[in-house]
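Welcome to a short tour of a protein model. Keep the structure open beside you and follow along one part at a time.

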Amino acid sequence: MEALFLYGFFQRAFLAGFFIAIACALLGIFLILRRDAMIGHGLAHVAFAGVALGLFLNVMPLAMALFMAVVASWIIMKLKVKAGLHGDTAIAIFSSVGFALGILLATLSQSFNVDLFSYLFGEILAIETSEVVFSIVLTFVVVLLVVVNYHKFMYMTFDRESAKASGIKVDRLDGLLTVLTAVTVVLGMKVVGILLVSALVVIPAAAGLQVASSFKQAIVLSTCISITSVVLGLVLAFLLDLPASSSIVLLSFLAFGILFVFRRARG
Amino acid sequence: MDFVAAEQELLIEIQKVTYSYGYGDVLKDVSFPINSKDFLAIIGPNGSGKTTLLKIILGLLKPRLGKVKIMGKTIEEFADWKKIGYVPQKATHIDSLFPVSVKEVVAMGIQSSRRFQRRTREEDSCISRALQQVGMEEYKSRRIGNLSAGQQQRVFIARALANHPKILMLDEPTTGVDAQTQEHFYDMLHRLNREEGITIVLITHEVGIINKHVAQVACLNQTLVYHGSHDEFCRSDEFKRMLADGHHLVSHHH
């Protein structure tokens, strides 16, 4: 199996997957505790429209996806605040409109082909070096911004009103978290595809939260589960000729199942 | 129970504050001062604007008219929010699934202004001391979700105390709590007020709670109906009217 790491494609997949897994777990913890777990789903569908637009205009699809996801996340947040639209309603709307737009653009540009499918289902094993670099840099930015604002994020997630009363600019930080989520979703898209990226963001974090007794523990555990699922998923995908995206997600679900049962058994 | 006025400084000035929620004014032209070392109860019937006023003081809401000054600065200018400890109403919030210990909750108040992880030893001792002040030291490693409501409330007070606040503002801190716990609770607040010089401002709709510890009373019912000493309030017409209206009475036998 060590020989696997001699292959260039596997090295690239491993590197990108490793780092993206960290970003996903980190954001996932906050999203779940903020009761915002579905936003990854919504943003992924918007990202799909971005990818289709990118293919249509012959502009780097990943960049278009990033742009549209960030814009959509911002609008969803503003709708929640200004129009009092519930988060899940806004997500439902954006998610379906995003996908509809993507289908329209894909049909118009006749790009319902391998390219689009690789974005939908993920093709981490075919990731290029430039994309690996892009992913790692972006992950560093995401992780750095979360670490720097860690205590503020934790406080406002736990008790928003008291956090605000203590001087924390919760609205501004909401915006930051929203944008970071959009970025992480687009990153995750590279690993498991648009259709499953929400799972990569949510499941490892949910698994970690089953048994963690402190916030730090939750983060460490979720990150380990995320990384393990990705790496093991990649290995299995290659060795057994399975799709990487579903292997990764199913493994993370297995971890969740085990920890869920463990928690129930512990009482 | 009269504090010497000369030792006191003006901490908070509420000036002609008016606030509406869209269906009408919930606060109208409310003005009164809060001085250091006050032990003030803001009372009034449900819907009288007490919590709204508190939120305006804390900068969580903006008044339609009027303004609030904290330690001489307007809300926009004021930045030393740690000096004001806020203990929100019990009904709000806490997610029992949130994986966080009592100690971590208290630490949140201190750490949130800093970027990176490590707590200093001094901060750790602030946290311990705050927990001791509220009698929750032995629970410091317990998950917050596993405590009773009264215990959680005390942890939130510790969180506010860890920053050595000048004022502690509590919103309905003892609603739904049994009489004995209430007793201990007010004894604790009294200690903080007398021994540490912390100004206490608490909101309650229970008229009878304004017991032997409360020194000042502000009675709200959209407008400021009364502001002054507790003793005088008990002799006043407003108090008699509130009793006659059947406002909730909690008696304290000493």
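## Two helix pairs in chain A

Let us begin with a crossing: helix H3(A) passes helix H4(A) in a right-handed way. This is a predicted model, so please read every value here as computed from it. Helix H3 covers residues 61-82 of chain A and helix H4 covers residues 87-108; their axes come within 9 Å and cross at roughly 145°. Which residues meet there? From H3(A) come Ala72(A), Ile76(A), Leu79(A) and Lys80(A), and from H4(A) come Gly87(A), Ala90(A), Ile91(A), Phe94(A) and Gly98(A). Sorted by class, this contact has six nonpolar residues, two polar and one charged.

Two packed helices are described by the angle between their axes and the distance between the axes. By class, the contact of H1(A) with H11(A) has 17 nonpolar and five polar residues, but no charged ones.

## Where the two chains touch

How many residues of chain A are in contact with chain B? There are 23, and they touch 23 residues of chain B. Helices H7 (150-158), H8 (160-165) and H11 (215-240) of chain A each supply at least two residues of the side that touches chain B. That side of chain A holds twelve nonpolar, seven polar and four charged residues.

## Chain B and its sheet

Now move to chain B, with seven helices and ten strands. Of its 254 residues, 42% are buried. Its contacts reach along the sequence too: among those between residues at least 6 apart, 72% join residues at least 24 apart.

Look for the open sheet of six strands in chain B, in the order S6-S7-S8-S3-S9-S10, with mixed pairing. Strands S6 (84-87) and S10 (223-229) of chain B stand at the edges with a single partner strand each, so one side of each is left without a neighbour in the sheet. Neighbouring strands of this sheet are turned by 15° against each other on average, direction ignored. Strand S9 of chain B, residues 216-221, runs antiparallel to S10(B), and six bridges join the two.

## An enclosed strand

Is strand S8 of chain B enclosed or open? Six of the six residues of this strand, residues 199-204, are buried, so S8(B) is largely enclosed by the rest of the structure. In a regular strand the side chains alternate between the two faces of the sheet. In S8(B), Thr199(B), Val201(B) and Ile203(B) are on one side, Ile200(B), Leu202(B) and Thr204(B) are on the other, and all are buried.

S8(B) also has its pairing partners. Strand S3 of chain B, residues 39-43, pairs with S8(B) in the parallel sense over five bridges, and Leu40(B) stands opposite Val201(B). Strand S7 of chain B, residues 167-171, runs parallel to S8(B) and is joined to it by five bridges. Here Leu170(B) has Leu202(B) as its bridge partner.

## Two residues with positive phi

Most residues other than glycine have a negative phi, and most peptide bonds are trans. With that in mind, find Asn58(A), where phi is positive, near 60°. Asn58(A) lies in the loop between helix H2 (39-57) and H3 of chain A. Asn58(A) counts as exposed because it has 8 C-beta neighbours inside 10 Å.

Lys37(B) is not a glycine, yet its phi is positive, at about 65°. You will find Lys37(B) in the loop between strand S2 (25-35) and S3 of chain B. Is Lys37(B) buried or exposed? Lys37(B) has 20 C-beta neighbours inside 10 Å, so it counts as buried.

Methods: Residues are numbered from 1 along each chain as its sequence is written. Chains are lettered from A and ligands numbered from 1 in the order in which they are written. This is a predicted model: local features need pLDDT of at least 70, side-chain atom pairs count only at pLDDT 80 or more; totals for chains, interfaces and linings use all residues. Helices (H or I, at least four residues) and strands (E, at least two) are DSSP runs, numbered from the N terminus. A residue is buried if 20 or more other C-beta atoms lie within 10 Å of its own, exposed if 12 or fewer, and partly exposed in between; C-beta atoms are placed from the backbone. Two residues are in contact if their C-beta atoms, placed from the backbone, lie within 7 Å. Ala, Val, Leu, Ile, Met, Phe, Trp, Tyr, Cys and Pro count as nonpolar, Asp, Glu, Lys and Arg as charged, and the others, Gly among them, as polar. Axes are lines fitted to C-alpha atoms, for helices over the stretch in contact, and angles run from 0 to 180 degrees between N-to-C directions. A crossing is left-handed if the near helix is turned anticlockwise from the far one by less than a right angle, and right-handed if clockwise. Two strands pair if DSSP finds at least two bridges between them.
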